[in-house]
Structure formats: structure tokens, C-alpha cells
Amino acid sequence: MMDVADLRREYCRGGLHRADLPADPLALFEKWLAQACEAKLTDPTAMVVATVDADGQPWQRTVLLKHYDAQGMVFYTNMGSRKAHQLEGNPRISLLFPWHTLDRQVHVTGRVEKMSTFEVMKYFHSRPKDSQIAAWVSKQSTRISARGVLEAKFLELKQKFANGEVPLPSFWGGFRVVIETVEFWQGGEHRLHDRFYYTREGDGWHIERLAP
């Protein structure tokens, strides 16, 4: 087994100060996301999505953020997937943006609501055509015998939809995460990290500093 106990580094990219925090966490999130894009991080919109099943078992997977505004954060998925079934039973959700190169993390908690058919259709038809076809191919989270099954189905549907629009699958949709808390984590020297925790209070936000 590889010895991982001594694998560590210092975090020294600068601190996060209370005086610099905006009243709205999305303003800081937008600034940090822009800086992640400027730094050319791989998949800066990638977020770890955590859900819980009926037995209380947590599950995590990486999903791409596709939109955000004052109403929440949006992602799309196969509605027959494991995460979609779990969110039907328990709409509570946790998101994590791991921007390690910048010594930063953003953690979001909240609850989900389903996107409207109009919103889903608008986004679906903005995707590359091959991605639209792939949505039809995969019954996400189900067991398959071999990759060749997917590839054969993809080629079949690519030919079928070659000269026309790809219809929206009835089993494909999206979720909006209605944000309740946001934590910003900035790595600090000697493991003295800066953590600020926003909690929704009515139409505004309460901000606290947390110990690292």
C-alpha cells in the first residue's frame, strides 16, 4: 500500500478577510468562478453532488453546473438516474466546488426543485447534437454488459437523427438547487484556513467566520 501520511503541501495563496465579503454569496462565487476560469482550471464548473438514499447512505458524483442566479444553481441529468431517484425521496442536497489549484473550495447546501419542461428543452437543444443523442443512449446508473452496447446504440441513433432535430427525451430533466447555506474556504499557511459561512435569513444572509 502506498504511504500517503506524509503527502502534504502548504497553502499560501493569500487569505480571505471579513471586510472583503459581499452581502450576497453569489457575488463572491461569481468572482471566484471567474478567477478559476482565468486560471484555466480543468472543468471549473465541475461540482461534487452529494445525495442520500432511502437507507441513509450518502452518494457523491461530479456534475457540471449549467446556470446560477438568485433562484439557485442548476444541473441536468437523466431522471431515471440514481441521484434523481434519491432526490425524489429526499430533496436535500450538498454541492462542493473543489478548486484545489487556487487553494479554494465552495460548499453549498439546499434543497432541489425540478426545472420546467420549457427550461429543460431550451437547454437540451443548446447542447452539441452528439450530446443530445448520448442522452437517449444511456439509461444512467443501470447495468450494461459492455461498452459496445452503448456505442452501437449511439451510431444507430446518430443515423436516425442525422437530418432532423433530436427530440427531448421524456426521462431527461434538470434540478435547481435552492441555496440555504454557502461556505467559502480559502487555504492558509500552517493550516490556519479562512472559512466564511453564509446562512440565508429571510431576504438576506448572515455571515460567520468558522475555525479551520
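The model is predicted, so local features are given only at pLDDT of at least 70 and side-chain atom pairs only at pLDDT 80 or more, while totals for chains, interfaces and linings use all residues. Residues are numbered from 1 along each chain as its sequence is written, and side-chain values use heavy atoms, with hydrogens and water left out.

Select Y76, T77, R127, Q140 and W172, which are the closest to the centre of the largest pocket among the 17 residues that line it. A pocket here is an open set of points on a 1 Å grid over the protein atoms alone, where a 1.4 Å probe fits, with protein on both sides within 12 Å along at least five of seven lines, and lining residues have an atom within 4 Å of a point. This pocket holds about 390 Å³ of space. Next, colour β2 (58–64), β4 (72–78) and α4 (129–137), the elements that give two or more residues to this lining; β2 gives the most, with four residues.

Move on to K31, W32, Q35, R104 and Q186, which lie nearest the centre of the second largest pocket, lined by 15 residues. Its volume is about 250 Å³, and helix α1 (residues 25–38) gives the most to the lining, with five residues.

M2 is in the segment before α1.

Note on methods
Points joined across faces, edges and corners; volume = space filled by probe spheres on them.
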